[in-house]
Amino acid sequence: MHPGDPIVRFQGVTKRFGDLLVLDELDIDVAPGEKLAIIGPSGSGKSTLLRLLMTLDRPSDGMIEVDGEPLWHMRRDGKLLPANERHLRQARRKIGMVFQSFNLFPHMNALRNVTEAPCQVLGTPKKQAQEEARALLDMVGLGAKCDAYPGQLSGGQQQRVAIARALALRPKVMLFDEVTSALDPELVGEVLNVLRDLAQQGNITMLLVTHEMRFAREVSDRVAFFDKGKIVEAGPPEVIFTQPAHDRTRQFLKAVLSAG
């Protein structure tokens with residue numbers, strides 16, 4: 001990867017599930033350290049974009065690069081071949097993802113939920129992993145809950161442990177897929193505050209699929225509006241939210257902002 005290169009690049013990426021076209025020749029670059037909010041109606045392809053990046057779904061066509069390297073392909077003797085599991089595993093280390101559902105290990109306390117991946121994936125010594133995990137749990141406001149099990153935590157606390165767990169692998173890119181949508185309204189703020197703090201630290205690239213429009217406007221460097229598998233428009237949040245260029249963007253924002 002060279003200075004000025006995007007850390008994430010989609011080139012002509014298409015994704016079909018049977019006859020259903022979910023992403024339609026998608027092109028987008030994300031700069032290192034950029035905070036990109038992805039908004040749009042349900043079923044527009046937003047979460048699929050994240051799932052392709054996380055290697056949970058395979059693109060039907062096109063090229064995805066992360067940190068200057070192909071994600072779903074690998075270079076061999078000047079040719080691009082389909083990526084093998086080893087290549088995907090290496091690429092996955094650069095990417096952290098937090099889902100709508102918290103996906104914590106119920107039989108592990110918060111500390112072990114955060115240390116498990118660094119120990120197993122990165123080979124981090126247990127003591128070092130625990131020190132780093134405590135610091136991350138402190139950062140998300142849960143330093144006092146290291147010994148608590150997921151069943152003893154609120155949804156907002158579980159989601160904050162999930163954020164700490166994703167950060168524990170020191171990813172270059174963090175993906176957040178509607179991370180507040182499963183939470184009671186009074187718990188949403190505590191998770192958004194953690195994401196705000198994370199965004200302000202500056203060095204980590206963040207792609208956030210969100211229906212929280214005010215939050216998207218506050219934390220992002222750029223907003224991309226998706227509809228029917230395409231990016232209708234993308235630009236600085238002030239432009240997208242106050243002077244969108246497309247009728248479809250205006251319709252969507254009018255509907256969601258009046259509903260909120």
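The largest pocket in this predicted model holds about 520 Å³ of space. Grid points are joined across faces, edges and corners, and a volume is the space filled by probe spheres set on the points.

The largest pocket is lined by 23 residues (lining residues have an atom within 4 Å of a point). Closest to its centre are Met54, Met97, Ala117, Arg165 and Leu169. Helix H2 (85-92), strand E8 (95-98), helix H3 (110-122) and helix H5 (155-167) each supply at least two lining residues. Helices (H or I, at least four residues) and strands (E, at least two) are DSSP runs, numbered from the N terminus. H3 gives the largest share, five residues. By class, the lining has twelve nonpolar, six polar and five charged residues. Ala, Val, Leu, Ile, Met, Phe, Trp, Tyr, Cys and Pro count as nonpolar, Asp, Glu, Lys and Arg as charged, and the others, Gly among them, as polar.

The second largest pocket has a volume of about 280 Å³. Its lining numbers 18 residues, with His211, Glu212, Met213, Arg214 and Val256 closest to the centre. Helices H6 (185-201), H7 (213-219) and H9 (247-259) each give two or more residues to this lining. H7 gives the most, with four. Seven residues of the lining are nonpolar, five are polar and six are charged.

Residues are numbered from 1 along each chain as its sequence is written. In this predicted model, local features need pLDDT of at least 70 and side-chain atom pairs count only at pLDDT 80 or more, while totals for chains, interfaces and linings use all residues; side-chain values use heavy atoms, with hydrogens and water left out.

Notes
1 Å grid on protein atoms, 1.4 Å probe; cavity = no way out; pocket = protein on both sides within 12 Å on 5 of 7 lines; lining within 4 Å.
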